[in-house]
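This briefing covers a single protein chain and is arranged by topic. Please view the sequence and the model together before reading on.

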Amino acid sequence: MTAPFRFPRFFVTSPAPCPYLPGRDERKVFTELNGEHAGELNEALSRIGFRRSQGVAYRPSCAGCSACVSVRVVAEGFRPNATQRKLLRRHADLEVTACQPWATAEQFELLRRYLGERHPGGGMTTMDESDYADMVELSPVQSVLVEYREPAGPNGERGRLVGACLTDRQGDGLSMIYSFFETQDENRPGLGNFIIMDHILRARAADLAYVYLGYWVKGSPRMAYKTRYQPLEALGPRGWALMADEKDAPTTPPPVPALV
């Protein structure tokens, strides 16, 4: 007999320094994703602003702050601008493969370079290969590791890995959990932007409505790039609504589930 679906129990973390806005603290509300209904729960929570990290779904729940806003791109409506079209042409030679979520040493070395260049001193810089394997492989939902490689060599040798993205496949879209890429190769500029656009085009080809980009953070230059992908929807207290720029961002967060 199948066990009945149970409403999840939610918990809240202790305050910790905010990684995006100096001088502020962050808290997160979270629940575990496990059992045969983990995928359904993850999809339901993603629609109210949660993100997945391994076997946990979380959402900011900060006292007196609503700067973190969940955003998603409407795939069908996306039209790349001139700069974005140039990037699509620049990297059109890359071989893109949606692999099973299995960690490799090559991926980990690329992640280490990316973190050292883009996020030195960040919490993820202490990850070892085992931590990385857990991030990729401990997924209770349908996930892939999308690899971006340069073309194969003249003797058929595998092309260099220049980008990767851990991605969840949901009923209404693709959720980009974490992407990393070469940042110092002058022949491969804008790989992060290319990876986002590739996901938008993949979602459209698969008749999926959205690409979930996680949180846009008002006042954080690190997150400003997300508004380049239009039409962009933001989650507010009345649900998802179009957000053309910062002035359209919700000023209050959506309701938080009842905590234990």
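How far is the sulfur of C68 from the closest cysteine sulfur, and in which residue does that sulfur lie? The distance is 5.9 Å, to the sulfur of C62, which is too far for a bond. The model is predicted, so local features need pLDDT of at least 70 and side-chain atom pairs count only at pLDDT 80 or more, whereas totals for chains, interfaces and linings use all residues. Residues are numbered from 1 along each chain as its sequence is written, and side-chain values use heavy atoms, without hydrogens or water.

**Cysteines**
- A disulfide is defined as a pair of cysteine sulfur atoms within 2.5 Å, and by this rule the count is zero.
- C65 is in no disulfide, its nearest cysteine sulfur being that of C62 at 5.7 Å.
- C65 is partly exposed, at a relative accessible area of 24%; the classes are buried under 20%, exposed over 50% and partly exposed in between (1.4 Å probe, protein chains only).
- C68 is likewise partly exposed, at 27%.

- L45 lies in helix α1, residues 38-46; helices are DSSP runs of H or I with at least four residues, and strands are runs of E with at least two, numbered from the N terminus.
- L45 is buried, with 5% relative accessibility.
- Beyond its neighbours within four places in sequence, L45 is in contact (heavy atoms within 4.5 Å) with F10, T31, F50 and A57.

**Annotated domain**
- An unreviewed UniProt entry places the feature "domain: N-end rule aminoacyl transferase C-terminal" at residues 106-235; such annotations may be inferred rather than shown by experiment, with positions in the numbering used here and feature names shortened.
- Residues 106-235 are 28% helix and 28% strand, and their end C-alpha atoms are 36 Å apart.
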